[in-house]
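Me: I would like to learn how to read a structure like this one. Can we go through a few features in turn?

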Amino acid sequence: MSTDPDTRALLAQAAAHEPAGISAVSADALGGRQLRYYDFCMAAFAVILICSNLIGAGKQAAITLPWSAEPLIFGAGILFFPLGYVLGDVLTEVYGYARARRVVWVGFAASAFTALMCAVVVAMPPAPGWGGQETLAAVFGQTPRIFIASILAFWAGEFTNSFVLARLKLLTQGRHLWMRTIGSTVVGQGVDSLIFYPLAFLGQADWPIERVALIAATNYVLKVLWEVVLTPVTYAVVGWFKRVEGVDVYDTNTDFTPFKTRV
């Protein structure tokens, strides 16, 4: 662990309000320590990301609220995609920015492979007599564009989210988790939305610019509200992970560049 006086002072102050059995440590102190559930979080993160983009990103859904004559239009993927951000918050809060960074790159690579596979499968000539090509193309034909937009937006948004959360954790000495998770989501989802919706949908006949702007704004607000609603769940999950791992990681000496996978 670093012997820097500022690091020792911060960790000592953080340790004063840690529950019994949890140690406040610098991220570089973990070294090669075996973490019980880190790999499971990585797998869950990749699955949520791929499924959200593959199944829900391209569908426009609508619900009519009791107080409104006009339906509320939103992207169907919003129901599940924010769970990836919640899990990203958990990873950064419990395991530190560097380990969250590795998970982001794993999700990025998994998404890129999914986009490539979809493009290749759709482009392959169908067997004589097989009648599912048009349906397959209708469902997955735009997937490469959506995935390219999604993984770029995800990459930028998730790293922004993790960076803001990790820095706020240092500034607050580990207090006010709600402020860190919501604040980082406000910034991270803002970056994500500004990149994703224009790249994914502008120029398509059924996506006029007014609809793209409306859905981008609506989804952004809903994602932030979803984070607020899930705050008690985030508290419970973060608390459980910290208890079973026995550590609470602070990024006191972390290199915050996104262009690394080392932890």
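Reply: Start with residue classes. Ala, Val, Leu, Ile, Met, Phe, Trp, Tyr, Cys and Pro count as nonpolar, Asp, Glu, Lys and Arg as charged, and the others, Gly among them, as polar. Keep in mind that this is a predicted model.

Me: How do the residues of the lining of the second largest cavity divide into these classes?

Reply: Five are nonpolar, one is polar and one is charged. The lining consists of Phe 45, Leu 49, Phe 81, Gly 84, Tyr 85, Phe 154 and Glu 158.

Me: Which helices each supply at least two residues of its lining?

Reply: Helix H2 (38–56), helix H3 (81–95) and helix H6 (143–172) do. H3 gives the most, with three residues.

Me: Next, helix length. What span does helix H7 reach from its first C-alpha to its last?

Reply: The general idea is to compare the span with an expected value. That value is 1.5 Å times one less than the number of residues. H7 covers residues 177–201, which is 25 residues. Its span is 35 Å, close to the 36 Å expected.

Me: What is the phi of Gly 203, which follows H7?

Reply: Phi there is positive, near 100°.

Me: Where are His 176 and Gln 173 found?

Reply: Both sit in the loop between H6 and H7: Gln 173 and His 176. Check phi for each. Gln 173 has a positive phi near 55°, and this residue is not a glycine. His 176 is not a glycine either, and its phi is positive at about 55°.

Me: Why does Gln 173 count as partly exposed?

Reply: Partly exposed is the class between the buried limit of 20% and the exposed limit of 50%. Gln 173 has a relative accessible area of 22%, so it is partly exposed. His 176 is partly exposed too, because its relative accessible area is 44%.

Me: Now a strand. Is Asp 248 buried or exposed?

Reply: Asp 248 is in strand E4 (residues 247–250). Its relative accessibility is 2%, so it counts as buried.

Me: What joins the side chains of Asp 248 and Lys 242?

Reply: A polar contact of 3.1 Å.

Me: How many residues apart in sequence are Met 117 and Phe 163?

Reply: They are 46 residues apart in sequence, and 31 Å apart in space, C-alpha to C-alpha. Met 117 lies in helix H4 (residues 97–123). At 46% relative accessibility, Met 117 is also partly exposed.

How values were computed: Residues numbered from 1 in each chain as written. Predicted model: local features only at pLDDT ≥ 70, side-chain atom pairs only at ≥ 80, totals over all residues. Heavy atoms only, no water. 1 Å grid on protein atoms, 1.4 Å probe; cavity = no way out; pocket = protein on both sides within 12 Å on 5 of 7 lines; lining within 4 Å. Helix = DSSP H or I, 4+ residues; strand = E, 2+ residues; numbered from the N terminus. Buried < 20%, exposed > 50% of the residue type's maximum accessible area, 1.4 Å probe, protein only. Polar contact = N/O pair within 3.5 Å; in protein donor to acceptor, adjacent residues only side chain to side chain.
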